[in-house]
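My notes follow the order in which I checked them.

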Amino acid sequence: MNTQELDEILTYRWPIVMRRAMGGTDEWVKGFARSIARHGKRAKWHPTAKQAQIMRKLVSELGSAPEEEIELIER
């Protein structure tokens, strides 16, 4: 993963992945998403090959899924 791709994922896509992961039930995905967000704050950090692969998978699965419609309490 090159620096430009990493910057794009962390800036634009990872916040969406984080919201969807935190709303889900998979504890491993929640922990991984938090870990990447924490590591991504360091300027010199780059993901390992396995982390990059999982990040791309989560971005494609969670980052592009349509938003569920929110049910309002008041109508």
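**Ground rules.** I am working on a predicted model, where local features need pLDDT of at least 70, side-chain atom pairs count only at pLDDT 80 or more, and totals for chains, interfaces and linings use all residues. I number residues from 1 along each chain as its sequence is written, and side-chain values use heavy atoms, with hydrogens and water left out.

**Fold.** I counted 3 helices and 0 strands. Helices (H or I, at least four residues) and strands (E, at least two) are DSSP runs, numbered from the N terminus. Along the sequence I read the pattern α-α-α. I then looked up burial: 29% of the 75 residues count as buried. Buried means under 20% relative accessible area, exposed over 50%, and partly exposed in between (1.4 Å probe, protein chains only). For contacts (heavy atoms within 4.5 Å), I took residues at least 6 apart in sequence; 60% of these contacts join residues at least 24 apart.

**Rings.** I found 2 aromatic pairs. Rings of Phe, Tyr and Trp (its six-membered ring) pair if their centres lie within 6.5 Å; planes under 30 degrees apart count as stacked, over 60 as edge-to-face and the rest as tilted. Trp14 and Phe32 have ring centres 6.4 Å apart and planes at 70 degrees, so I logged the pair as edge-to-face. This pair links distant parts of the chain: Trp14 sits in α1 (residues 3-23) and Phe32 in α2 (residues 27-39), 18 residues apart. Trp14 and Phe32 are both buried.

Trp28 and Phe32 have ring centres 5.3 Å apart and planes at 10 degrees, so this pair is stacked. Both residues lie in α2, 4 residues apart, about one turn of the helix. Is Trp28 buried or exposed? I read 53% relative accessibility, so Trp28 counts as exposed. Phe32 has 10%, so Phe32 counts as buried. The ring pairs link Trp14, Trp28 and Phe32 into a cluster.

**α1 against α3.** I checked how α1 packs on α3 (residues 49-62): the angle is about 55 degrees and the axes are 9 Å apart. Axes are lines fitted to C-alpha atoms, for helices over the stretch in contact, and angles run from 0 to 180 degrees between N-to-C directions. That makes α1 oblique to α3. Oblique is what remains once angles under 35 degrees (roughly parallel), over 145 (roughly antiparallel) and 65 to 115 (roughly perpendicular) are set aside.

Which residues of α3 make the contact? I listed Met55, Arg56, Leu58, Val59 and Leu62. On the α1 side, Trp14 is one of the residues involved, and I also noted Leu6, Ile9 and Val17 among them. The contact residues divide into 11 nonpolar, no polar and 4 charged.

**Met18.** I found Met18 in α1. Its relative accessibility is 19%, so Met18 counts as buried. Leaving out residues up to four places away in sequence, Met18 touches Ala33, Arg34 and Ala37.

**Lys30.** Lys30 lies in α2. Lys30 counts as buried because its relative accessibility is 13%. With residues up to four places away again left out, Lys30 touches Ala21, Met22 and Gly24.

Key:
Nonpolar A, V, L, I, M, F, W, Y, C, P; charged D, E, K, R; others polar.
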